[in-house]
Amino acid sequence: MTSRREFFKGAGAAAASPLTLASQTTEATHADGTPEQIHLTWGEDPSQTVFVSWASPAQAVNARVILEHPGATPSVIHAIQRNYTDGLNGQTVFTYHAKIDHLTPDASYRYSVTADNDSHLRNPFTATFRTAPRGRAPFRWTSYGDLATPNTAWVLSSPQSRHAVDAVERFEPLFHLLNGDLCYANLNLAAQPAVWAEFGNNVQRSAAHRPWMPCPGNHEIEFCNGEQGLTSYLTRYSLPDNGTQFPGRWYRFKVGSALFISLAADDVIYQDSGAFLAGPEPLTPAPSTGNAPIEPGTSLYIRGYSAGAQTRWLEETLAAAKQDQGIDWIIVQMHQDAMSSAHRGNGCDKGIRETWLPLFDRYGVDLVLCGHDHDYERSWPVRGCNHDVGRDAATGTTVDTCQPRPVLTTEPAGGRFDTNHGTIHLILGGGGTSAPLDVYGVNPQSGLPQAKVITKPNRPVPGPTPGVFVKAGADAVEDAIWSARRDTATGYGVAVFDLDPGVADGKTSITMRYYHAVGADRSPTSDYDLFDTVVLAKDRRDKKS
Ligand SMILES: [Fe+2]
Ligand SMILES: [Fe+2]
C-alpha cells in the first residue's frame, strides 16, 4: 500500500508536512464532533438572518445551535451538514451550517454550538453576535485580505495573521470584509484541509462574534476540488444567494443605507494565478481520490467560467440600487486589482478595467476594496479611462491598458471626497501573509509612480530548467496617474470604515481610517497605528432637491 509520505513525493517543495496530515486523519477516526472553526456570515438580510458555520474533526451527530432569547426559552436550530473530500490528499471535511432567521434588527444574541459527540457537550462553545440595523443608521465595518494562518509551517503563513484577527476584534466592527486569499491552502498541496482548519481556528476569535464576509481569491482555487477549484471555499461558507447557477461565488447584502457587493474577479481577470504545478515532477493525488496525476505546467485558469452571468448579475444589482432611494452608498469587494502599483506584486488587471469599471462608472460605485497585492494603496476617485497610453514591458511599444482617469489629483476642498464624481479604489492586502509587497513602481524617466498591467493571459510556459514551467509577470506598464497614497512603511494593516447616515436633507459620510502595523515586515507586531484617513461625503438619496 502506498503511504501518504510516498504519494506526495512528486509534489516538490510545496508538499509540506505530510506527517501533520497523517495525525489529523487518525484523529478523525474517533468520531469527534467537537465544533471548531466557528464563524458567522450574513444571510440575504443582515438585519434578520445570520448563518453560524463550523467544522468538526469527524462527522458530528445532531449538530445544532442553541439561541438564547432574553426572557424566553432558548431555541434549537439544527445545522445542515456539507462535506467534501479533498481531491489531492483524500481527507474528508465535515462542515455544519445553521441558518438563524427572523431575528430582531440591531439586537444582540447569545448562542452556543454543539453536537451529541461534542467533547465539550456540557460546556459548549458560546459567543454573542449583533444583527445589522435597518434604515439609515450608523455602523462600522473593517476590511483586509490575504490573511493566511499563524503557522509558519505553511507556505505564505505568518504569526502576523494572529495579530490581524485581534486587530479586527479590537475595532469591534459590525462585520468584516475578508477580500480574498484567505489561507493559501493551494500552496500547500499535501495538506489543504489542515491549512484551512488553522485558518478557521485563527479567525474564530473574531468571526464567531461578528460576520466575516469573504470573496474568493486566486489562492482559493485548488486542484481537483470542483470545476473552479472552489469546493473547499464553497463548502465552508454560507453566503447570500445570488439566484444564479453559481451560488457562493458572488453576492450582495444591504446594511443600513449601504449596498455591499462581493465579486469573484477570477471570472474576468486575464492573470493566471490559481493553482499551478511548476514541476519537474508530476503531482499524484492520493489513490483513494481516483484523480489522475497532474502534469508539470498545469494551472487552473478559470477566466470566463460564468460566461457573463456574474457581470449580468452585477449590472442588474447596480441598476436596482440606482432605483432604491434607501441606498446612499455602493461598496464593492473583490480580490484582484484594477489599480495597484506594487513593484514586486501582481499589478493591475485589464480584465477588471474592461469588464467592470464601466459599470462602476455608470452606476456610481463609491468604493472598491481589494487585496491581492500585499500592501496599502489608495486611488484618487476615477471615472473613465485613457486609451493607448501604456507600454509593452518587453518591447516598449504602445499598449492600451485602459488607464483609469482620476477626476482630481489633489486633496479636495474641505478634505471630503464626493464619490458621485468618481470611484475610490483601495488595496488592502495586508492581512497577515509572510510576503509583504510594500515596494512600489517608479517610472525611471520621470520619477513618478508607475504600475504594471496584465493585459493578456500569462499561461505557463517552459522555463530555463528542463521540465519546469514558469508564468510571466505583467506584460505592460503605465504611469500610475491614479495613485493617491502608498504605504512604504509596511505591507500590513486594517481599514476601518465608519458610516454616518447624516440627517434628512443633509449629507451622509463614510470615514475610512487605515491602521498599519509598522515593523511587521521584520517581526510580527500587535501595534496598529493610524496611517491614512479619508472622508467620503455626498448628498443623501432622500434629499429633496
Ligand atoms: Fe495574496
Ligand atoms: Fe491573490
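Modeller: Quick ground rule: helices (H or I, at least four residues) and strands (E, at least two) are DSSP runs, numbered from the N terminus. This is a predicted model, where local features need pLDDT of at least 70, side-chain atom pairs count only at pLDDT 80 or more, and totals for chains, interfaces and linings use all residues. Residues are numbered from 1 along each chain as its sequence is written, chains are lettered from A and ligands numbered from 1 in the order in which they are written, and side-chain values use heavy atoms, with hydrogens and water left out.

Biologist: OK, where does Asp-375 lie?

Modeller: In the loop between strand S18 (367–370) and strand S19 (376–379).

Biologist: What makes you say that Asp-375 has no salt bridge?

Modeller: A salt bridge is a side-chain nitrogen of Lys or Arg within 4 Å of a carboxyl oxygen of Asp or Glu. The nearest side chain of opposite charge to Asp-375 is Arg-486, 8.2 Å away, so there is no salt bridge, although Asp-375 is buried. By charge, Lys and Arg count as positive and Asp and Glu as negative, while His and the chain ends are not counted.

Biologist: How do you know which residues are the protein donors of the iron ion (ligand 1)?

Modeller: Donors are N, O and S atoms within 2.8 Å of the metal (3.2 Å for Na, K and Ca); water is not among the atoms, so sites may look incomplete. Asp-146 (OD), Asp-181 (OD), Tyr-184 (OH) and His-374 (NE2) lie 2.0 to 2.3 Å from the iron ion (ligand 1), so they count. Asp-181 also bridges to the iron ion (ligand 2), and the two ions lie 3.4 Å apart.

Biologist: Why is the arrangement around the iron ion (ligand 1) called irregular?

Modeller: Four donors count as tetrahedral if all angles lie between 85 and 135 degrees; four count as square planar and six as octahedral if opposite donors are over 155 degrees apart and all others between 65 and 115; anything else is irregular. Here the four donor atoms subtend angles of 88 to 172 degrees, so the arrangement is irregular.

Biologist: Why do Asp-181 and Tyr-184 count as buried?

Modeller: Buried means under 20% relative accessible area, exposed over 50%, partly exposed in between (1.4 Å probe, protein chains only). Asp-181 is at 1% and Tyr-184 at 0%, so both are buried.

Biologist: And what makes Asp-505 partly exposed?

Modeller: Asp-505 is at 37% relative accessibility, so it falls in between. Asp-505 also has a positive phi of about 65 degrees, although it is not a glycine.
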